[in-house]
Amino acid sequence: MVMRETEAEILPGRRSRVLTYHGSFPGPTIRAKSGRRTVITQVNALSQDAVVHLHGGHVHPDHDGYPMDVIEPGAARTYRYPNRQPGATLWYHDHSHHTEAEMVFRGLSGAYLIEDPAERALRLPSGRHDVTLMMRDARFDDDGQLLFEMDDFRYRNTLLVNGRPQPFMEVSRRKYRLRLMNASNERYFKLGLDDGGELVQIASDGGLLPAPVPATSVELSPGERVDVVVDFGRYRVGTKIVLENTAFDSSEETRQVMRFDVVRGAADHSRVPDRLRPMHDLGPAAKEREVKFSLDMTIPAFVIDGKIFDHHRIDATVRRGETEIWTVRNEDPMGIPHNVHLHGTHFQVLERSDRPLEGHERGWKDTVGVPVGGHVRFRVRFDDYTGRYLYHCHLLDHSSMGMMAQLEVVE
Ligand code: C2O
Ligand code: CU
């Protein structure tokens, strides 16, 4: 893949300069197979350093996209992804230190789907009835150019789905699997259909849930994914259904995410079985850990355990194969929302202080919201590799400003 700057028509009739993976905004969707290795050589034809991270991948630290492992302009790097993990909706994006927020905002992200032969027997909607919807917000200037200013989330009022503003999609009267991804830098989504129709949650960040969970809305903080099945068979041909965002800060402009137009009948042999994939038990915890997310007004900077990121410092040492319970607290004095993302593994959320866990939050997660003034607790174990991995807030403007820490997995 070649990373390069190009122009894309995002707003109708306008040409916007974007940063791309291989000329595509967002990047091309990569379809990997569980148990089969993917090797990607990334060539940097940009004018600045780049780093590629596979978000949700169980990847050796050398291939994880560590912020200091930069690909300089004109250079290339080969990333090896073993895909020794179950089917799941992942994504890849830039992770260059201090600049990932702007690089991702300008286009450097794409979907990475791990397909799993073990899922086939479930007969979930597949093929062209399995659709990835990468959702994000953006800000444009009067010339139709993307305008990035650090942390100016208030002005990012154009919603894009797969690089298009509030698009529509023609659907048949049948079930679809929709892979909903929050690829925004800082925006939270609360997604539902405008008629209150059911979305059946079937997978979280780490892949299939133990059992389907029906819902009328799902919440996603930046970086989170949920796969849902929507049965358009319940609508008449001619019906238009809007996927809406009713998050706390949604406005007139950011309410409509996209529209589904039911245009034809269809035979449907897919189903949503009662059992999907059992979750294994991580066992009792050998260690409990507390992590504090905050804002240090004296620096001023977003901090983790009082510190901004320093790649020379190891913030936590974790034993491979040993289960831990983490409590992550949001002690931000300004009441700013944060979430937490761990590289290298998936975790099981035990509780969040603001409300009961909802459907997909009970599945395998790599990113979860940290309630304002509260906490989230999860059970986690690193089984795969030793070495350094990041954990950070996935509001990318925050991590770019240093709201990031690293752990070292040791034998
Ligand atoms: Cu999606 Cu450290 O990132
Ligand atoms: Cu944050």
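The model is predicted, and its chain is divided into domain 1 (2-114), domain 2 (127-265) and domain 3 (287-410). The centres of domain 1 and domain 3, taken over C-alpha atoms, are separated by 23 Å, and the contact takes 24 residues from domain 1 and 24 residues from domain 3.

**Interface of domain 1 and domain 3**

- About 1900 Å² of area is buried between domain 1 and domain 3, and carbon and sulfur atoms give 58% of that area.

**The side of domain 1 that touches domain 3**

- At least two residues of this side are supplied by each of strand 5 (52-55), strand 7 (88-94) and helix 1 (100-105), with helix 1 giving the largest share, 3 residues.
- Sorted by class, the side of domain 1 that touches domain 3 has 12 polar, 9 nonpolar and 3 charged residues.

**Pairing of strand 1**

- Strand 1 (residues 2-8) pairs with strand 4 (residues 38-44) in the parallel sense over 2 bridges, and methionine 3 stands opposite asparagine 44 in strand 4.
- With strand 2 (residues 16-21), strand 1 pairs in the antiparallel sense over 6 bridges, and arginine 4 has threonine 20 in strand 2 as its bridge partner.
- In a regular strand, side chains alternate between the two faces of the sheet.

How values were computed
Residues numbered from 1 in each chain as written. Chains lettered and ligands numbered in written order. Predicted model: local features only at pLDDT ≥ 70, side-chain atom pairs only at ≥ 80, totals over all residues. Heavy atoms only, no water. Domains from an automatic or database assignment. Contact = heavy atoms within 4.5 Å. Buried area = accessible area lost by both parts, 1.4 Å probe. Helix = DSSP H or I, 4+ residues; strand = E, 2+ residues; numbered from the N terminus. Nonpolar A, V, L, I, M, F, W, Y, C, P; charged D, E, K, R; others polar. Pairing = 2+ DSSP bridges.
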